[in-house]
Amino acid sequence: MNSHNIVLFPVLLPLLTGILLLFFRNVKVQRMLSVISFAIGIGISLYLIQQVAESGMLTLDVSNWKAPFGITIAADMLSSLLVLTTNIIAYCVSIYSTKSIGLEREKFYYYAVFHFLIVGVNGAFLTGDIFNLFVFFEVMLMASYVLLVLGGTKVQLRETLKYILVNVISSAIFVIAVAYLYSIVGTLNMAHIASRVAESGQPGILTVIAVLLMIVFGLKGAVFPLFFWLPGSYYAAPAPVLALFGALLTKVGIYSIFRTYTLIFTHDVSYTHAFLGAIGLLSIVVGVIGAIAYWDIKKIIIYNIVIAVGVIVFGISLNNDAGTMGALLYLVHDMIIKAALFLLVGIMAKITGTNDLREMGGLIKAYPWVGWTFFLAAISLAGIPPLSGFPGKLLIIQGSIEAKAYIGTFIVIASSLFVLYSVMKIFIHGFWGTPKKAFEMPARSLYSMAGPAMVLVAVSLAIGSGLEGIFPYLSQATETLMNPDLYINAVLKE
Amino acid sequence: MEILMAFIIGILFTCATYLMLSKSILRIIIGTGLLSHGAHLLILTMGGLKRGAVPLLGEHAKSYVDPLPQALILTSIVISFGVTSYFLVLAYRAYQELGTDNMDLLRGSESNE
């Protein structure tokens with residue numbers, strides 16, 4: 001067996017499990033299978049990271065067709081780290097789902113669709129072909145449509161209509177952008193596209209396509225003018241689905257921006273990267289306005305997604321070592337901590353039966369573990385030193401000072417303050433004070449719901465305090481991102 | 001020939017945009033249909049419309065048309081089939097549950113979340 005086949009396992013495992021789950025009507029078997037499958041997924045992705053760290057980037061030419069002609073699956077350190085993060089989140093959310101999503105949804109293929117969503121996300125992270133990226137996007141989106149509407153309440157139906165419409169349009173624009181790109185460079189393999197773009201020196205038409213792709217990925221990733229669909233659509237989803245969406249879906253768009261702007265369109269950066277920086281900063285501002293405006297716990301965290309997306313996009317736009325590494329670290333941190341926050345907010349809503357902060361209060365007495373976990377997650381989101389939010393933001397700020405983008409530096413720093421305010425508002429009004437009414441929640445189901453969130457916060461703590469341990473992996477990822485030739489040579493094997 | 005196709009695709013995109021900005025869900029879905037038609041024709045056009053045999057090796061021709069865009073279109077067509085059928089069923093369900101197909105009445109606000 002070719003040892004490079006390991007690259008495909010993170011896609012194949014959830015795919016096979018998802019197919020298997022279609023045949024079981026027994027909910028207990030479904031729960032067990034899906035949790036086990038994601039646990040194995042974590043193991044596989046750890047092995048993948050170790051392989052990539054030892055022997056550099058791994059590529060697999062599917063069916064042995066040589067690189068530009070077949071589909072290439074390419075795992076560099078960035079992809080491997082994101083695959084690991086995805087599997088950890090999927091594992092925690094699947095445990096949380098067993099107690100929270102409800103038998104009605106579980107019976108109707110919830111776990112199978114869950115697995116197909118992870119197939120799409122892992123595939124999008126690992127593929128080395130731009131049309132294949134489109135296909136994995138569609139796999140992910142189709143699963144997300146189903147997860148969003150599953151249950152069929154009125155608000156879900158209404159918001160899914162809008163969510164599908166926006167994504168159908170962005171998928172059409174993606175197809176259009178691929179068609180334009182194909183007519184100019186005549187290839188679909190990302191490494192081959194990158195080398196052809198490098199040969200042509202990126203004339204104006206390629207910059208146009210770069211901006212078109214930015215619109216596509218911006219719609220998926222919710223950056224400033226294109227984030228309008230996100231607050232309403234995400235609000236409709238039940239807590240574990242929301243945690244999946246908030247942690248994974250927008251981040252796949254961000255990853256694609258990462259890939260296209262560090263690998264392909266790197267020759268005329270004065271226009272495209274300035275544009276990226278501007279929309280990144282505007283997303284931060286808009287996200288901050290939304291996050292401090294609402295008294296609804298779900299809405300506050302949802303607007304925090306937009307802020308984080310803005311910070312990462314700004315980090316990418318800096319185009320230097322510190323900014324890129326910061327954006328990468330912040331991306332991993334934000335996936336984990338957003339999942340944790342949505343899970344915790346889901347617990348709060350389940351205990352109190354409302355999403356409105358003004359009707360909550362005094363949860364800390366009855367649920368101290370939930371409260372302090374939320375506190376840790378909140379200060380991690382804001383970027384307080386021992387936790388994982390700090391080093392990423394610090395590197396982004398360092399990068400922006402190196403690039404002399406002082407306005408950006410100021411906005412990123414100031415946004416942390418508002419982020420802290422918005423989540424502390426939840427903590428103070430939700431956990432402190434006197435209870436507005438009596439809450440009741442069985443202790444057993446509370447543990448299996450709060451447990452996954454605690455695991456995620458512990459991972460965040462581990463990343464933040466054990467940064468020296470993961471630093472070699474981060475610098476390897478940054479090296480590949482900053483030197484596209486490494487990626488191109490690994491795929492095309494010149 | 002490519003210029004003619006570009007105009008036709010442009011008209012399709014215009015109609016699609018116009019329809020998708022209207023209030024009725026069915027008109028919006030028709031708009032997405034036109035949009036995907038436009039996108040698929042665009043792949044075909046951008047792949048080149050030079051004359052050649054159909055991409056079958058049995059033809060023994062000197063030159064063939066580019067087979068890659070055709071494969072891309074075929075993939076894209078089935079994906080948009082899947083999404084469109086899902087969208088139509090969803091619109092049907094939404095009509096049953098919510099009793100309207102007017103997007104203006106499907107607004108989300110604090111009172112009806």
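Biologist: About how much area do chain B and chain A bury between them?

Modeller: Bearing in mind that this is a predicted model, chain B and chain A bury about 3000 Å² between them, and 81% of that area lies on carbon and sulfur atoms.

Biologist: And how many residues does the contact take from each chain?

Modeller: Chain B contributes 35 residues to the contact, while chain A contributes 32 residues.

Biologist: What is the count of salt bridges between chain B and chain A?

Modeller: That count is zero, with no salt bridge found between chain B and chain A.

Biologist: Switching to cysteines, how many disulfides turn up over all chains?

Modeller: A search of the whole structure gives zero disulfides, whichever chain you look at. Taking one cysteine from each chain, A:Cys92 has a relative accessible area of 2% and is therefore buried, being under the 20% cut-off, whereas B:Cys15, at 35%, is partly exposed.

Biologist: Okay, now the surface of chain A: which residues form a nonpolar patch there?

Modeller: The patch is formed by A:Leu12, A:Leu16, A:Ile19, A:Leu20, A:Leu22, A:Phe23, A:Phe24, A:Phe108 and A:Tyr109, which together have about 830 Å² of accessible area.

Biologist: Take A:Leu20 from that list; which helix is it in?

Modeller: A:Leu20 sits in helix H1 of chain A, which covers residues 9–21. With a relative accessible area of 40%, A:Leu20 counts as partly exposed, because that class lies between the 20% and 50% cut-offs.

Biologist: What about A:Ser80, is that buried or exposed?

Modeller: A:Ser80 is buried, with a relative accessible area of 0%, and it belongs to helix H3 of chain A, which runs over residues 77–100.

Biologist: Which residues does A:Ser80 touch, leaving out those up to four places away in sequence?

Modeller: On that basis, A:Ser80 touches A:Leu48, A:Ile49, A:Val52 and A:Ala75. As for A:Ile130, it is 50 residues from A:Ser80 in sequence, and the two are 18 Å apart in space, C-alpha to C-alpha.

Biologist: Last one: where is A:Ala414 found?

Modeller: A:Ala414 is in helix H18 of chain A, spanning residues 406–431, and at 21% relative accessibility it counts as partly exposed.

Biologist: How far apart are A:Ala414 and A:Val288 in space?

Modeller: Their C-alpha atoms are 9.7 Å apart, although A:Ala414 and A:Val288 are separated by 126 residues in sequence.

Key:
Residues are numbered from 1 along each chain as its sequence is written. Chains are lettered from A and ligands numbered from 1 in the order in which they are written. This is a predicted model: local features need pLDDT of at least 70, side-chain atom pairs count only at pLDDT 80 or more; totals for chains, interfaces and linings use all residues. Side-chain values use heavy atoms; hydrogens and water are left out. Patches are made of residues with over 30% relative accessible area and no salt bridge: like charges are joined within 9 Å, nonpolar side chains (Val, Leu, Ile, Met, Phe, Trp, Tyr) within 5 Å. Accessible areas come from the Shrake-Rupley method with a 1.4 Å probe; for residues, only the protein chains shown count as cover. A salt bridge is a side-chain nitrogen of Lys or Arg within 4 Å of a carboxyl oxygen of Asp or Glu. Helices (H or I, at least four residues) and strands (E, at least two) are DSSP runs, numbered from the N terminus. Buried means under 20% relative accessible area, exposed over 50%, partly exposed in between (1.4 Å probe, protein chains only). A disulfide is a pair of cysteine sulfur atoms within 2.5 Å. Contact means heavy atoms within 4.5 Å. Buried area is the accessible area (1.4 Å probe) that two parts lose on being put together, summed over both.
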